[in-house]
Protein chains: 2
Amino acid sequence: MSQHRHPGAPGRAGAVPALPDLPEATVARLPEYLRALHALADTGHETVSSEGLANAAGVNSAKLRKDLSHLGSYGTRGVGYDVTLLIEQIESVLGLTQCRSVALVGVGNLGHALAGYDGFASRGFRIAALFDADPSRVGEEINGLVVRHVDELARVAVEESISIGVIATPAPAAQAVADQLVAVGVTSILNFAPCVLSVPEGVDVRKVDLAIELQILSFHEHRKASLTALPGGLAATDTQEAIGT
Amino acid sequence: MSQHRHPGAPGRAGAVPALPDLPEATVARLPEYLRALHALADTGHETVSSEGLANAAGVNSAKLRKDLSHLGSYGTRGVGYDVTLLIEQIESVLGLTQCRSVALVGVGNLGHALAGYDGFASRGFRIAALFDADPSRVGEEINGLVVRHVDELARVAVEESISIGVIATPAPAAQAVADQLVAVGVTSILNFAPCVLSVPEGVDVRKVDLAIELQILSFHEHRKASLTALPGGLAATDTQEAIGT
DNA sequence: AGGCGCTTGTGAAGAGGTGCACAAATCGCG
DNA sequence: CGCGATTTGTGCACCTCTTCACAAGCGCCT
């Protein structure tokens, strides 16, 4: 119930694609499922029920089933999901079957750590190039890669066929870097700089701001402190967060 | 500074606190508004319209107004919002009027960068203690702080009145660390380890997984590639993402 | 003083996501 | 071979969040 993409003649739309137009919330959870599935595969599990996988991924089992149903029917009723098959499907949908090359701009405090983070490589991403605007940093070698000057971005990006750009510069430099990335054809950007990037339509930007995460926690901490200050009443009723047990 | 709220008084009871039970989506955006407001204040602006602030924060102006309206009416029709006043209000709601102490566990690649990240201090958080389980790392000094063994967590946490724990350990160690943090009374955790933490009710966990962000971008990249591969038709219609100009 | 333009605050409609509950499907076993 | 146990896939109701559109409010200018 999912194959009818376009009966026309897309000549080349043969095997993989399908492009099921997934809900954004589902897309955001698929990587988590994928991680849980890899963990299950490593411990020898061949199949897993929606309940089991949902637990491992920290979500509701009905939500998980609905998410997976958007990719097609890859489960067996009464049995569960084939771990290996499901991994293949999710990786295919996420476009992880090819190794994607990442360019990292800004090799300061955070960028340095990102350049050395092995969680990228282990999940199919290759950091292909490092850049910085500071001449004193250019030439430094990190994890087997030499830092180049950001002016070389255009040339190197083509050579290495970069598909994702990561910005780890200070905020004032981020927009200029983003513009350069867009100019060389990068259409996906992960931004660690605490600022809003403006990019043309068709370019995806995801932002990670570490301080914001702390501030959100601070709010909840603040709220909890206020509630427990109340003697009785509605203190206990509305605290339900992360999965318990 | 935690005033109670009357269970049955819909009007505005006290002055500052109110605890307006903000929507979660609003809470997540307030820090972004705060950052934009600080930038405006630094450039000499005394007031700002919802349109202006919304632009600076990268959101829709109606959404911004609704978000702010949840805190109360701090704008002036025909004029806009007083930047300084709004900063104070948001900081108050987020519980940033007091400096919160953070314990960072795991001083590996990423933890090292977090320990040196000045974006925390500049936004009201104090990294009060560093921990690691690796004896060879204990004693190392980072940014003026000495790394202690994780077994000292209980004692130090009380001494430094830690209110937020940050986990930057490898995944296998994360759950044990979380348990220890919870045991010493920490009720807010920021988890960088790629795994699901299980914590008792009343403890908030936020997760940041750098690889997941890349995988989400990978999906969109994959989707865009498939769409442009199709000759005609639905290629142009459904690409709308980050703010454009 | 009065009108005019600008901006906020909000009601209402719509879109999207969540979780329940159950029918349909599959396997294992007697 | 049929039955019961198990688990998926999904219709539906609920809920949160988003967005539009506009009345109410405010300051400024004449």
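Author: Happy to! Between chain B and chain A there are 34 residue pairs in polar contact, counting pairs with both residues at pLDDT 80 or more; that cut-off applies because this is a predicted model. On the side of chain B that touches chain A, helix H9 (residues 210–229) of chain B gives the most, with 17 residues. Sorted by class, this side of chain B has 44 nonpolar, 22 polar and 16 charged residues.

Charged partners also meet across the two chains. The count between chain B and chain A is eight salt bridges, and one of them joins the side chains of B:Arg206 and A:Glu213, at 2.5 Å from N to O.

Now for the whole interface. Here 82 residues of chain B are in contact with 81 residues of chain A. The area buried between the two chains is about 7,400 Å², and carbon and sulfur atoms give 63% of it. Within the area that chain B buries against chain A, B:Leu214, B:Gln215 and B:Leu217 supply 9%, more than any other three residues.

Helices H1 (24–42) and H6 (118–121) of chain A each supply at least two residues of its lining, as do helix H5 (109–116), strand E5 (125–132) and helix H8 (171–183) of chain B. H1 of chain A gives the most, with seven residues. Of the 43 lining residues, B:Thr169, B:Pro170, B:Ala171, B:Pro172 and B:Pro194 lie nearest the centre of the pocket. The lining divides into 25 nonpolar, 10 polar and eight charged residues.

How values were computed. Residues are numbered from 1 along each chain as its sequence is written. Chains are lettered from A and ligands numbered from 1 in the order in which they are written. This is a predicted model: local features need pLDDT of at least 70, side-chain atom pairs count only at pLDDT 80 or more; totals for chains, interfaces and linings use all residues. Side-chain values use heavy atoms; hydrogens and water are left out. On a 1 Å grid over the protein atoms alone, a cavity is a set of points where a 1.4 Å probe fits but cannot get out, and a pocket is an open set with protein on both sides within 12 Å along at least five of seven lines; lining residues have an atom within 4 Å of a point. Helices (H or I, at least four residues) and strands (E, at least two) are DSSP runs, numbered from the N terminus. Ala, Val, Leu, Ile, Met, Phe, Trp, Tyr, Cys and Pro count as nonpolar, Asp, Glu, Lys and Arg as charged, and the others, Gly among them, as polar. Contact means heavy atoms within 4.5 Å. Buried area is the accessible area (1.4 Å probe) that two parts lose on being put together, summed over both. A salt bridge is a side-chain nitrogen of Lys or Arg within 4 Å of a carboxyl oxygen of Asp or Glu. A polar contact is a pair of N or O atoms within 3.5 Å; within protein, one must be able to donate a hydrogen and the other to accept it, and residues adjacent in sequence count only if both atoms are side-chain atoms.
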